[in-house]
Amino acid sequence: MKIIPPGSVDVVFADPPYRLSRGGVTVKSGRLAPVDKGTWDRSLGFAEDHQFNVRWLREASRILKPDGTIWVTGTHHIIFSLGFALQSMRFKVINAIAWEKPDPPPNALHTAFTHAHETLLWASKSRGARHIFNYDLINSPNPGAQMSSVWRIPAVPRREKRYGHHPTQKPLRLVRRAILASSREGDLIFDPFCGSGTTGVAAKELGRFFVGAEKEGEFAELASRRIWATKRGSILAEISG
């Protein structure tokens, strides 16, 4: 992020490490399976995890335009750290979106409620910012049918995994909605944790420009394959048609 000029990005969409890889288990195909995703997802301890979030959010604030916005995803493992950091930096939280999963894995150990949602925080750079919200593109013409802050979206379909596997890949439908709501055609979208490249794919489909960063070589190659195979403006054409 340090090479990106200040005030040059319209929207940051970030899916940072959730710090879930702590030796726990989940259920896959009816069997217990470890939730460890890699060293990049392991906790560094509460204080270090929070400082990591502060550092990258500070850089995100630097590169955002004055009226730019940021989307940050997380579960209860990190979302409170992210929310506190955002508010400490004078970001204005516009919405806390609950991504409801209709098909979550069951709680394997029967020690808690099933984890059936993740949170997306949408925030503007400051309280005086004039953020973009494409109300007419997101909502029905019926004024009584406004889209709420609860988004019921299934997990990643198989067709979105045909170029390779990433353990924390997000559904295109989820990221498309966020980008469509908060940016215009030709805007620049940045993802500091590019992963499988879903943000890049969504941005290209919607006629936006994209820059992403990814430390893991395997995932950088996966993202490159997916973005390269995507046709620019393909979803935008469907919307305008």
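Guide: The model is predicted. The chain has seven helices and nine strands. Its C-alpha trace spans about 45 × 40 × 40 Å along the principal axes. The radius of gyration is 18 Å, which agrees with the value near 18 Å for a compact globule because the chain has 241 residues. Of these 241 residues, 45% are buried. Contacts reach along the sequence: of those between residues at least 6 apart, 70% join residues at least 24 apart.

Now the core. In soluble globular proteins, nonpolar side chains tend to be buried together. Here the largest nonpolar core holds 24 residues. F13, W71, L120, W151, L174 and I179 have the most contacts inside it. Strands and helices both contribute: β1 (9–14), β5 (92–100), β6 (117–124), α4 (172–182) and α5 (198–205) each supply at least two residues. The top contributor is α4, with seven residues.

Take L174 for detail. Setting aside neighbours within four places in sequence, L174 is in contact with W99, L120, W151 and I153.

Last, the surface and the charges. The chain exposes about 13,100 Å². Carbon and sulfur atoms supply 55% of that area. The chain carries 34 positive and 22 negative side chains. The centres of these two sets lie 1 Å apart.

Notes. Residues numbered from 1 in each chain as written. Predicted model: local features only at pLDDT ≥ 70, side-chain atom pairs only at ≥ 80, totals over all residues. Heavy atoms only, no water. Helix = DSSP H or I, 4+ residues; strand = E, 2+ residues; numbered from the N terminus. Rg over C-alpha atoms; globule rule 2.2 N^0.38 Å. Buried < 20%, exposed > 50% of the residue type's maximum accessible area, 1.4 Å probe, protein only. Contact = heavy atoms within 4.5 Å. Areas by Shrake-Rupley, 256 points an atom, 1.4 Å probe, with all protein chains shown as cover. Lys, Arg positive; Asp, Glu negative; His and termini not counted. Charge placed at Lys NZ, Arg CZ, Asp CG, Glu CD. Core = buried A, V, L, I, M, F, W, Y, C linked by side-chain atoms within 4.5 Å.
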